[in-house]
Amino acid sequence: MKIVVGCEFSGKVRDACIALGHDAISCDCLPSETPGPHYQGDILRLLAERRFDLGIFHPPCTFLCNSGVQWLAPGGQLDAARHKQMMAACDFFAALYWAKVPRVAVENPVMHKHARDYLASAWKVPAQSMSFQPWEHGEPEVKRTCLWLRGLPDLRPSNVVAGRVARVHRASPGPNRWRERSRTLVGVANAMAAQWTF
């Protein structure tokens, strides 16, 4: 299969797909942390230039996730600039979900109501298909992650383990915290590759 993994700089999902014999490329505005096929630039441009059988996308969640909704209307007053950024993030999310790729997975944390409502009304993006935890895929951590799937089955637990550490949520504040929070764990990447590259 020809696979694109959008908004991925770690190369973990890309490499898991390549390990199974597929033609996979990652794409991000950042360079890849690991050697392998990588397009540094705009994922929407890459999607316009090439055709793929499967797209796995990890768009930024800063303006979409439930944990950041408090900044949308601090003190009950709508922050117009933040609202505009939320709509732009939703537009990007929808462009990935509706990309001209027959099988699509878009990953994000739990999304707040305002983003969900905008995606549903403006873009007809359905509600999330499912959610999973890293501990269902061999990683002893807690971080509920949601998937919006089109043309793909739900991601089934592949290796349930006992650990329940909230490592990502307990990470120290700092300039690289976002980088650690956004990396796909190897067990999850392997499950995506194994279950979706059929």
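**Close-up views of a predicted model**

The count of cavities of 30 Å³ or more comes to 1 in this structure, which is a predicted model.

**View 1. Lining of the largest cavity.** The volume of the largest cavity is about 40 Å³. Its lining is made up of Thr62, Phe63, Leu64, Cys65, Gly68, Val69, Leu72, Arg82, Met86 and His112. Sorted by class, these residues are 6 nonpolar, 3 polar and 1 charged.

**View 2. The aromatic pair of Phe93 and Trp148.** The structure holds 2 aromatic pairs. In the pair of Phe93 and Trp148, the ring centres are 5.1 Å apart and the planes stand at 85 degrees, so the pair is edge-to-face.

**View 3. The aromatic pair of Tyr97 and Trp98, with Arg150.** Tyr97 and Trp98 form an edge-to-face pair, 4.8 Å from centre to centre and with 85 degrees between the planes. Tyr97 has 4% relative accessibility and therefore counts as buried, under the 20% cut-off. Trp98, at 41% relative accessibility, counts as partly exposed. The ring of Tyr97 also has the charged end of Arg150 over it, 5.7 Å from the ring centre.

**View 4. Arg164 over the ring of Trp135.** The charged end of Arg164 sits over the Trp135 ring, at 3.7 Å from its centre.

Notes:
Residues numbered from 1 in each chain as written. Predicted model: local features only at pLDDT ≥ 70, side-chain atom pairs only at ≥ 80, totals over all residues. Heavy atoms only, no water. Phe/Tyr/Trp six-rings, centres within 6.5 Å; stacked < 30°, edge-to-face > 60°. Buried < 20%, exposed > 50% of the residue type's maximum accessible area, 1.4 Å probe, protein only. Lys NZ or Arg CZ within 6 Å of the ring centre and 35° of its normal. 1 Å grid on protein atoms, 1.4 Å probe; cavity = no way out; pocket = protein on both sides within 12 Å on 5 of 7 lines; lining within 4 Å. Points joined across faces, edges and corners; volume = space filled by probe spheres on them. Nonpolar A, V, L, I, M, F, W, Y, C, P; charged D, E, K, R; others polar.
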